[in-house]
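Some notes on this model follow. Please read them alongside the coordinates.

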Amino acid sequence: MKKLTTMVVHLFLIVASVISLFPFVWMLMGMTNSSSEILKGKFSFGSMLMENIHKLLDMTSLGAAFWNSAIIAIIGTVGTLLLSSMAGYGFEIYHSKSKSRLFGLLMLSMMMPFAAVMIPLFRMFSGMGLLNTPTAVILPTITTAFMIFFFLQNTKSFPRELLQAGRVDGLSEWRLFTRIYMPTMKPTYAAAAIITFMNYWNSFLWPLIALQTQDKKTLPLVVSSLASSYNPDYGIIMVAIVITTLPSVLIFFLLQKQFVQGMLGSVK
Amino acid sequence: MERKWNKSSLMGWQFVALPSALILLFSFYPMFQSLLLSFQSGKGTVYHYVGIDNYIRLFSDPMFKQAVFNTLLYLIVQVPIMLLLGLVIAHLLNNPKLRFKGFYRTAIFLPCVTSLVSYAVLFKSIFAVDGILNKMLLSMHVIQEPIAWLMDPIWARVVIIAAITWRWTGYNMIFYLSAMQNIDPSIYEAASIDGASKTRQFFSITVPMLKPIILFTAIISTNGTLQLFDEVVNITKGGPGNATMTISQYIYNLSFVYTPNFGYAATVSYAIVVMVAVLALFQLKLGGEKR
């Protein structure tokens, strides 16, 4: 009986794993097949890989898209980490009544649906003449209540004696933050960096609105526009999807622990 | 000492001022603008106040009703399936004696690393009429003829629900798994001695102990589902007809696809705001009472 239960459990988990992994296998296979083979459900590797890559590079400015995505994700991540950690640090270390009121107010923004702010944001950025720039994509989420909360929660376990020691050594408040807090909190920064990078790298709705010309588009926009064309070529789409997915998969396997920590956020 | 503390609490503002200002500027200010806009109508840059006309229009707008219906359908069907599945898988993986659990955990979590656009397009190709899924189902004799997944209103919704479940089950599982590891194993031992079956232990120990985290995942899933956009746009474009269109997509269409009507689009967006708020309160209340 016990053995049977174990077998059923394994069977269930194997089915779940196969379903979870199937699309990954499918995209790797698809990369090597022609569009019509993919749509006919050919489940084996083919010989179209180089041709698909060449066609993709001819049809789209993929290099530019990769660059655009990278710039947005890297600058956005650095900015978000700096600003959100400053706020999380400030709210926790220099706790005061007025600050905790402000913090409570900021937390409300987590419940604000993006659809409700996107039209005013669009008009705001168009008024500033910043539409169709990476700046427009980066700015609206450069500080999020979620990330501030994440840093605040993690700051709770930061040893404050270190700050006191630094003050004795005559460091300014700002230096305490950059010289003591930041190096001590490296694991927190790593987890936050992964999650923020992924959010920027994968974001779709706001870039779709904010970026209009072909040369400014990010990878998800390229994938989406290839797939929604009149006669989509799935062979090249698969190559584009693999290129889009690869950085995230690499980060996940290299930094699994921090990755999961970032996802879990402040819930512990 | 007291004095010094006050001084340092004043200094903290140099750290919180700029980030706070940015959130006020990019979240609160647009939120307020959106509210004003929801009482206006017009084209291009010329808008004038029309009172509650837009809100009246909501109730007689069949597209809006359809979008709300679809979004709520996803919410009611998909979220419970996903959370339960995540909970069950986490429970199975939490067994210390289980073999290969590292593999299972990684495999089931992996969908979370994909971008929403990429996986949506992958699903679109898998669910093609002559595609791989129909081929497999035909060869296993589950179906007699291919199903036109994306052309049929009901099947198209099923595909959307399946896709979201694929992407997010592992995400929720990770939350449950980390919470389960904080449950004292001696509770289970005591329950086993008292003769409680594994199933009984799951419902009488695991689920009640995880109530706060289940509540948390329910709220973020609800929030996410109410804002569903990327998947639907990239799998079905909202079709066939408008059978899979969500509220976010309708707002996008009203603003950027049809003749732009930012005023009415803002009104529709406030419908999401109200739904998010009401459902979060409802869930908090529900979670609080049962505890």
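1. Start with B:Pro240, in the loop between helix H12 (230-235) and helix H13 (247-257) of chain B. The peptide bond joining B:Gly239 and B:Pro240 is cis, with omega at about -5°. This is a predicted model, so the geometry is computed.

2. B:Phe100 has phi of about 60° and is not a glycine. Its place is the loop between helix H4 (62-93) and helix H5 (101-109) of chain B. For B:His141, phi is positive too, near 60°. B:His141 sits in the loop between helix H7 (132-139) and helix H8 (153-180) of chain B. As background, most residues other than glycine have a negative phi, and most peptide bonds are trans.

3. Now the interface. Chain A brings 94 residues to the contact and chain B brings 89 residues. About 7,700 Å² is buried between chain A and chain B, and carbon and sulfur atoms give 79% of that area. On the side of chain A that touches chain B, helix H1 (residues 2-30) of chain A supplies the largest share, 15 residues. That side of chain A has 68 nonpolar, 19 polar and seven charged residues.

4. Which polar links cross between the chains? Eleven residue pairs are in polar contact between chain A and chain B, both at pLDDT 80 or more. The salt bridge count across this interface is zero.

5. Last, the surface of chain A. A:Leu246, A:Leu250, A:Leu254 and A:Leu255 make up a nonpolar patch there, with about 400 Å² of accessible area together. A:Leu250 belongs to helix H14 (residues 234-254) of chain A.

Definitions and conventions:
Residues are numbered from 1 along each chain as its sequence is written. Chains are lettered from A and ligands numbered from 1 in the order in which they are written. This is a predicted model: local features need pLDDT of at least 70, side-chain atom pairs count only at pLDDT 80 or more; totals for chains, interfaces and linings use all residues. Side-chain values use heavy atoms; hydrogens and water are left out. Contact means heavy atoms within 4.5 Å. Buried area is the accessible area (1.4 Å probe) that two parts lose on being put together, summed over both. A salt bridge is a side-chain nitrogen of Lys or Arg within 4 Å of a carboxyl oxygen of Asp or Glu. A polar contact is a pair of N or O atoms within 3.5 Å; within protein, one must be able to donate a hydrogen and the other to accept it, and residues adjacent in sequence count only if both atoms are side-chain atoms. Helices (H or I, at least four residues) and strands (E, at least two) are DSSP runs, numbered from the N terminus. Ala, Val, Leu, Ile, Met, Phe, Trp, Tyr, Cys and Pro count as nonpolar, Asp, Glu, Lys and Arg as charged, and the others, Gly among them, as polar. Patches are made of residues with over 30% relative accessible area and no salt bridge: like charges are joined within 9 Å, nonpolar side chains (Val, Leu, Ile, Met, Phe, Trp, Tyr) within 5 Å. Accessible areas come from the Shrake-Rupley method with a 1.4 Å probe; for residues, only the protein chains shown count as cover.
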